[in-house]
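Please keep the sequence and the structure in view while reading.

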Amino acid sequence: RVDSEEVGARIARALLSRSEVAELAASGEFCDDALALATARGIVMYKVPAEKSSANVVPIALSPTPVDASLYREVVAAAPAFHELMDRVACDVEWLREAVSATAEMDD
């Protein structure tokens with residue numbers, strides 16, 4: 001049996017303290033790096049899909065965010081089915097072409 005308090009304490013020791021996170025965020029460099037990484041990885045959205053020059057980074061969290069344990073377990077339980085779905089979609093090239101054809105027309 002896993003001792004949840006022990007696990008929580010180990011995780012807490014590995015994370016930055018609130019003051020350390022605040023110090024990093026205050027420097028501005030931390031936020032700039034996070035935004036640059038998000039942009040480089042394509043984690044952006046367009047207000048107007050045809051205007052590719054005006055991308056915005058989607059909302060991201062720069063520090064750990066508490067999650068209700070029951071919701072976390074629900075997501076963990078759903079993960080295998082979701083991963084299988086993603087794999088099947090990624091492997092069905094013909095379906096993918098058909099599904100994104102309308103979006104691809106907007107890219108021109």
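A residue is called buried when its relative accessible area is under 20%, exposed when that area is over 50%, and partly exposed in between (1.4 Å probe, protein chains only). The model is predicted, so local features need pLDDT of at least 70 and side-chain atom pairs count only at pLDDT 80 or more, while totals for chains, interfaces and linings use all residues. Residues are numbered from 1 along each chain as its sequence is written, and side-chain values use heavy atoms, with hydrogens and water left out.

**Overall architecture**

- The protein has 5 helices and 2 strands; helices (H or I, at least four residues) and strands (E, at least two) are DSSP runs, numbered from the N terminus.
- Along the sequence, these elements follow the pattern α-α-α-β-β-α-α.
- Of the 108 residues, 3% count as buried.
- The protein exposes about 9,400 Å², of which carbon and sulfur atoms supply 59%; accessible areas come from the Shrake-Rupley method with a 1.4 Å probe, and for residues only the protein chains shown count as cover.
- Among contacts (heavy atoms within 4.5 Å) between residues at least 6 apart in sequence, 25% join residues at least 24 apart.

- L35 lies in helix α3 and is partly exposed, at a relative accessible area of 40%.
- The C-alpha atoms of L35 and P59 are separated by 9.8 Å, and the two residues are 24 apart along the chain.
- G42 sits in the loop between α3 (29–40) and β1 (44–46), and its relative accessible area of 47% makes G42 partly exposed.
- Between the C-alpha atoms of G42 and V57, 15 residues apart along the chain, the separation is 8.4 Å.

**A nonpolar surface patch**

- V67, L71, Y72 and V76 form a nonpolar patch on the surface, with about 410 Å² of accessible area together.
- Patches are made of residues with over 30% relative accessible area and no salt bridge; like charges are joined within 9 Å, and nonpolar side chains (Val, Leu, Ile, Met, Phe, Trp, Tyr) within 5 Å.
- V67 belongs to the loop between β2 (55–57) and α4 (69–91), and counts as exposed because its relative accessibility is 56%.

**The salt bridge**

- The whole structure contains 1 salt bridge, defined as a side-chain nitrogen of Lys or Arg within 4 Å of a carboxyl oxygen of Asp or Glu.
- The side chains of R88 and E84 meet in a salt bridge, at 2.7 Å from N to O.
- R88 and E84 are separated by about one helical turn because they are 4 residues apart in helix α4.
- R88 is exposed at 58% relative accessibility, whereas E84 is partly exposed at 42%.
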